[in-house]
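Open the model in your viewer and keep the sequence panel beside it. This tour goes stop by stop, saying what to select and what is there.

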Amino acid sequence: MIVSPSILSADFSKLADEIRDVERCGADWLHLDVMDGVFVPNLTFGPVIVDAVNRISDLPLDVHLMIVEPLKYVERFARAGADWITFHIEAEDRPLETIKAIHAQNVRAGISISPPTEVKRLEPFLSMIDLVLVMSVNPGFSGQKFMPSVLPKVRWLREKREKEGHDFLISIDGGINAETAPLAADAGVDVMVSASYIFGSSDRCRAIQSLKSL
């Protein structure tokens, strides 16, 4: 299992130390939640922080754009050091163009889907993308309760991948912890994104290893 701690729950007053701590504990990627206060009600950070994290860490940067018109910002986040750029299908009228723009920057492309959105909306793009991020909470804030109702989406994606020979990874984000992660793993998830469960833990190594072992 790939574990991608979300720095949304890190202490930004000592971000370098926080990142080195989860690296030491075996994190595989770092997940960076970019929110614009428009697509979601919260506001976080932009390319400047992605660039700073890139200079702190050698881990792959998993940049999750919860913003309107993500196509406009692909090049900036790629230049800042993103290894993966994931945009929301609900936020972009030109998904194919956005996927091509991400790949043109030699970055891997992902599409995210919010809980109310029908997963079959992603079907035309499954052969072109590198990752699907299934949101298991409504996007915008960490610490929300996991929604098991999204797990059929994961199963559908896994079955489509196996049947049609796609090679995208399936990621999940929202309410992931020791109790909910096994449910996601059983459904077919490859990447666990977790914020408060990891950064809020008194034993981050144990938290990360509990996810990696699934």
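This is a predicted model: local features need pLDDT of at least 70, side-chain atom pairs count only at pLDDT 80 or more; totals for chains, interfaces and linings use all residues.

Residues are numbered from 1 along each chain as its sequence is written, and side-chain values use heavy atoms, with hydrogens and water left out.

**Stop 1: the disulfide**

Select C25 and C205. A disulfide joins them, with an S to S distance of 2.0 Å. The term stands for a pair of cysteine sulfur atoms within 2.5 Å. The structure holds one such link. Look along the S-S bond: the angle about it is -65°, and the link of C25 and C205 is left-handed. Now colour by secondary structure. Helices (H or I, at least four residues) and strands (E, at least two) are DSSP runs, numbered from the N terminus. C25 sits in the loop between α1 (15-24) and β2 (30-35), and C205 in helix α8 (residues 204-212), so the pair ties together parts that are 180 residues apart in sequence.

Is C25 buried or exposed? C25 is buried, at 3% relative accessible area. C205 is partly exposed, at 22%. The cut-offs are under 20% for buried, over 50% for exposed and in between for partly exposed (1.4 Å probe, protein chains only).

**Stop 2: S4**

Go to S4, in strand β1 (residues 2-5). S4 is buried, with a relative accessible area of 0%. Show its contacts, meaning heavy atoms within 4.5 Å. Not counting residues up to four places away in sequence, S4 touches W29, L30, H31, D62, V191, M192, V193 and S194. Draw a distance from S4 to V191: their C-alpha atoms are separated by 7.0 Å, although the two residues are 187 apart along the chain.

**Stop 3: the cores**

Select I7, L32, V63, I85, L157 and I172. These have the most contacts inside the largest nonpolar core, which has 59 residues. A nonpolar core here is a set of buried Ala, Val, Leu, Ile, Met, Phe, Trp, Tyr and Cys residues joined through side-chain atoms within 4.5 Å. In soluble globular proteins, nonpolar side chains tend to be buried together.

Zoom in on I172. Leaving aside neighbours within four places in sequence, its contacts include L133, F146, V150, L151, V154, V189 and V191. A second, separate core has seven residues, including L131, L133, M135 and V137.

**Stop 4: helix α4**

Select residues 95-104. Which residues of helix α4 are buried? They are P95, T98, I99 and I102. Look down the axis of α4: the buried residues fall within an arc of 100°, so they line one face of the helix. The arc is that of the directions from the helix axis to the C-beta atoms. That buried side packs against α3 (74-80), β4 (84-88) and β5 (108-113). Then step to N106, which follows α4 and has a positive phi, near 60°.

**Stop 5: helix α8**

Return to α8 and select R204, A207, I208 and L211, its buried residues. They cover an arc of only 95° around the axis, which puts them on the same side of α8. They pack against β1, α1, α6 (181-187), β8 (191-194) and α7 (196-199).

**Stop 6: salt bridges**

The structure holds 12 salt bridges. Each is a side-chain nitrogen of Lys or Arg within 4 Å of a carboxyl oxygen of Asp or Glu.

Begin with D21 and R204, which meet at 3.0 Å, N to O. This pair links distant parts of the chain, with D21 in helix α1 and R204 in helix α8, 183 residues apart. D21 is buried at 19% relative accessible area, and R204 is buried at 13%.

Next, pick D17 and R20, whose side chains meet at 4.0 Å, N to O. They are three residues apart in helix α1, about one helical turn.

Finish at K160 and E123. Their closest N and O atoms are 2.6 Å apart. K160 lies in helix α5 (residues 151-164) and E123 in the loop between β5 and β6 (131-135), 37 residues apart. K160 is buried, at 13% relative accessible area, whereas E123 is partly exposed, at 37%.
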